Amino acid sequence: MRGRPNLHTKYQFEMGLFPSTTKRVSLVLLGVLALLLPLSALPLFGFLGDAGWMVMINRALIYAIAALGLNLLIGVAGQISLGHAFFMAVGAYTAVVLGGESGRTVWGLGLPMWIWLPAAGVAAALVGIFIAPTAVRVRGLYLAFVTLGLVFVGQFLWRNLGVIAGGPTTGRPWPKLEFALWKGMDPIVSFATDGPLWWWLTPIDWLPWVQIEEMSRHAKTYFFVLFLVIVFGLIAKNLMRTRVGRSWAAIRDRDIAAEVMGVAEAKGKTQAFAISSFYAGLAGAILASVVGRIIPESWNLFFSIEFVVIVLIGGAGTVAGVLMGTFFVVMMPRLVEEATHWLATQVTESGPFAWLGNVIIRSSPDDYLGIVSLEAAGPGLSIFQLNVVLFGVLIIVFLIVEPLGLYGIWIKVRNYWKGWPFTY
Amino acid sequence: MTTTLDRTEVPDLSDAFPTVAWRIRDWAERTPDRVAIREKDFGIWQEMTSSELWDHVLTAAHAMLAFGIEPGQVTSIHSEDRPEWLIFDFASVAIRAICTGLYPTNPMAEVQYLLGDAASILHFAEDQEQVDKVVDAPADAFPTIKKIIYVEPRGIRVMTDSRLMFWDDFMEIGREHREANPGAVERLMADVDPDEVVTLIYTSGTTGPPKGSMLTHRNVEFGVEKVLNSPDRFQGGRGEGVDDEKLTYLPLCHVAERLFSAWSLAYNGPILNFAESIETVQADLREVQPTIFFAVPRIWERIHAGIHIKLQDGTRFKRLISAFGLKLGVYIGRSRVANNGNFTLGSRIAYWIGYPLFFRSLRERIGLRHCRYASSGAAAIAPEVLQFFMGLGIRVYELYGMTENTAVATSNFDGRVKLGTVGEPYDGIGLRIDEETGEIQTKHAANFVGYWNRPEATVDTFTEDGWLKTGDVGVWVDGTHVKIVDRIKDIIITSGGKNISPSEIENSLKASPYIKVVMVIGDGRKYLTAMIGIEYDVVGDWALRRKIPYTTYRDLGEKPEVLKLIQGVVNATNEKFAHIEQIKKFSMIPKELDHEDGELTATQKVKRSAMTEMFGDLVESMYS
């Protein structure tokens, strides 16, 4: 109703994915920014189109798909899972077996992407369905243990199934993100090589401040993955308001009460595991394909925990929060690194923040004040270790102070203005 | 041959007198798919179009015919505001029955009196609460009532009273009758006489039992023409129309809400939004954001108090901004009051500054963002409260009228507002102030035809030359505007022989958010005293902030800190009045006043006689 946003005359208005004009407008704006980003066409933030940043942004987008899946499981259906890395691995290895080249020691069918990519999701989903019955029997901490076990079972399998995973220290090459009709044919669209994305989309000269002769493979990967994130984000958001999503929420809030009310608990949990695993499998396959070569050791517990961190920091149960969380978690190491280096230069150049640098950076073995050391072999924490510590601290801080995560912070900010000039 | 044809034909109604029912039918024909009514149900504002509304009305009218209701017989409604209220009312009008409404708060004894007095044949009782008031009476208490129609079946299905009938069954009977006798209702509508009584509106009865005022079709027509459709009422002269949104929440049995909602819908076609209940008005207001809003002083006072409490709870920054906004509001309010309600350049600039910061969002929160016309009536309001709302940029006008003249007397018009007055008489009506008694008297086409069953009372209400005695004392202000002093019978004459109007003092006190009811006493006494009832939530909140523990209403009212707070309000008021009009002592009313206990009328006015009877010791203690 025009000028009367709260006058709902149909339930559909309240259930809308993007119910308010503000939301729709900001979404369109965000979309435009997202399209300009890889072309280095963002005013002031053009540097984000550089290869280094694009690689990281692409990684964040791929993580986002997996995190969206985990969010459905943890945030919406309330099933704690530490096994997300395992499902991603299932997807990745399905992809490589179906799409990879066969060799003397490894299996590979060399099928095109339109087969191996969906199959990666489906295979992971099938494994998810297989695991789901345990979730019906155990919950909470015990479910966490069961899924934790999956990660170790998985790692044992990948190490020993050389025909699938390749060598334990070398891994094997993954099929590229190329869309071809059948094996051996020339790709119609290749997201893995520089050049035109589509026969008419390059060169880009329709923006006055952008001149691009050809599109980088990073930019092309970006568009492909962004498309998937949007599709799967919408699916996730839509799922939450459907019968399935609402049954998950009921199970999350109290599984016994839900069942008493007629929500089929076993069915709901199975659906949650299946769909969540589908997301994971898909993301795993794309990640491996983009990275190119992954050793079995990578699908470890820390990798799983990273996704739990994303969901918790971002805001469990919300799509927007998960996207925020993904970028936060993926970008943070880079930011920490940049910040540490910046502090180091402050120390050497005696800048205004040199004192802070002196406190944080450990410059020599005798410097007992510092915490972080820049040399890999030096005393104190390395930057990587610092990041791990920071993650731990952040989880604790968020769980105590802001259980709704980054999304909760956003809600607080929004409500502050929403209630204006009142507080409630 | 022709007679048999006549019995099933729908007559042409284009020449019939346009009653409210006729107009509802007309809307259905002209704009069948336009939304006419919204009602919040299951969290959603369910819509009803004009054609659906007329369809329901026609079916209900046929059901009434099926029960043998004849023109001139009485139907009654005892319900909160809901679409069925209007449907039942319009259906009664269509078959030329007389419909009367009861206040939902009417206790059993009053219901028995009213239904007996009106001799209602068909009674509409909303739910078990209202059904009980009829069913639990002795078997022969209501000899005339044939059927009791209810819409909320909870708790009623188990009752065995044969007069009870569920709304859906009632409508089913209507449908059958409608199929068997098409055109029966329209034939009655065609023969309507504009001087027929259309409704009985019972006065609230501060003294003595309520009396039913008989209003005719012509009264209604004239009332709508003057009160709703006077061209100077609105800014820019844009009158009420189909684009307007209204919130229906005050009791529809009162002449004001009937006029502003029911008859307005029939004549002008705004969308009526039915509030969920009187408790949820503020939330409903926010959702509906009406363009035209009428409220009684009590509601304005509540919104006023609510704003101040909620602003206090703001964060430091919000409090800072709102303090600034309120200051601007005070300036704008003052400036507009000084300029007959108009903006000056200065106040307009102040409003522009304050709008994005404060006024826009505040008006959105209280639900008056889109309000282009607001009015206050049915009781006297403190000028401070109106000035506050004027300061927020809301166009709010006080108007005056009463049941007996279909609310047609005076109104403030756009650009000619005088705060503290009830405005100017409408164009072309007779309004005079009796020189001897100071009583306001009216003479126009909306003067009622008399009290139901009470020819003597009717005679007493009119002067010998046919003017209606309103019972209110008024004075002219600047020769154009009328200021109400008080009810004649409420005027206090002190033992020193001074005439004092208590309501002015009472309203000034009630402008404080802490005070809900006041009764000033002093008739035949040396000095004035007051009995004061606190606003429980507001004072409770105030006490909470000061960490003053309390248990009940009475306990809270008698806390020394609260007494000090009220004393402060009394002192501030006393400064505004002459020495003789100052309140020397006050005492707290030890209970929340209630309609059920007989201290308040249905319209929440204090019954003075009942009060002095009940709290006699309290009064005496202030004079000893």
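Biologist: Hi! Which strands of chain B does helix 9 lie across?

Modeller: Hello! This is a predicted model, and in it helix 9 of chain B, residues 217–228, lies across strand 8 and strand 9 (212–216). Helix 9 runs at about 80° to strand 9 of chain B.

Biologist: Nice. In what order do the 8 strands of that open sheet in chain B come?

Modeller: The order in chain B is 7-6-5-3-4-8-9-19, and the pairing is mixed. The edge strands, each pairing on one side only, are strand 7 (164–166) and strand 19 (450–451) of chain B.

Biologist: And which helix packs on the sheet, touching strand 3 of chain B?

Modeller: That would be helix 4 of chain B, residues 83–94. Besides strand 3 (74–78), helix 4 touches strand 4 (98–102), strand 5 (120–125) and strand 8 (197–202) of chain B. The direction of helix 4 makes about 170° with that of strand 3.

Biologist: How many bridges join strand 6 of chain B to strand 7?

Modeller: There are 3 bridges between strand 6 (residues 147–150) and strand 7 of chain B, and the two run parallel. Ile149(B) stands opposite Met165(B) of strand 7 there.

Biologist: What about strand 3 and strand 4 of chain B, parallel or antiparallel?

Modeller: Parallel, over 5 bridges. Ile77(B) stands opposite Gly101(B), which belongs to strand 4 of chain B.

Biologist: Why is strand 4 of chain B described as largely enclosed?

Modeller: Because 5 of the 5 residues of strand 4 of chain B are buried, the rest of the structure largely encloses that strand. In a regular strand, side chains alternate between the two faces of the sheet. For strand 4 of chain B, both faces are covered: Ile98(B), Thr100(B) and Leu102(B) are buried on one side, Cys99(B) and Gly101(B) on the other.

Biologist: Switching to helix 5 of chain B, which residues are buried?

Modeller: In helix 5 (residues 108–118) of chain B, the buried ones are Glu110(B), Val111(B), Leu114(B), Leu115(B), Asp117(B) and Ala118(B). They cover an arc of only 160° around the axis, so they sit on the same side of helix 5.

Biologist: What covers those buried residues of helix 5 of chain B?

Modeller: The cover includes strand 3, strand 4, strand 5, helix 6 (128–135), strand 8 and strand 9 of chain B. Just after helix 5 of chain B, Ala119(B) takes a positive phi of about 55°.

Biologist: Where is Pro270(B) found?

Modeller: Pro270(B) is in the loop between helix 10 (255–268) and strand 11 (271–274) of chain B.

Biologist: Is Pro270(B) buried or exposed?

Modeller: Buried: Pro270(B) has 22 C-beta neighbours inside 10 Å, and 20 or more is the cut-off. Leaving aside neighbours within four places in sequence, its contacts include Glu240(B), Val242(B), Leu265(B) and Ile292(B).

Biologist: Zooming out, how many helices and strands does chain B have?

Modeller: Chain B has 22 helices and 26 strands. Its radius of gyration is 25 Å, close to the 25 Å from the globule rule for 624 residues, so chain B is as compact as a globular protein of that length. Of those 624 residues, 49% count as buried.

Biologist: Last one: how many residues of chain B are in contact with chain A?

Modeller: 22 residues of chain B contact 13 residues of chain A. Elements giving two or more residues to that side of chain B include strand 2 (44–49) and helix 13 (316–338). The residues on that side divide into 7 nonpolar, 7 polar and 8 charged.

Conventions: Residues numbered from 1 in each chain as written. Chains lettered and ligands numbered in written order. Predicted model: local features only at pLDDT ≥ 70, side-chain atom pairs only at ≥ 80, totals over all residues. Contact = placed C-beta atoms within 7 Å. Helix = DSSP H or I, 4+ residues; strand = E, 2+ residues; numbered from the N terminus. Nonpolar A, V, L, I, M, F, W, Y, C, P; charged D, E, K, R; others polar. Rg over C-alpha atoms; globule rule 2.2 N^0.38 Å. Buried ≥ 20, exposed ≤ 12 C-beta atoms within 10 Å, placed from the backbone. Pairing = 2+ DSSP bridges. Axes fitted to C-alpha atoms, helices over the stretch in contact; angles between N-to-C directions. Arc of directions from axis to C-beta.
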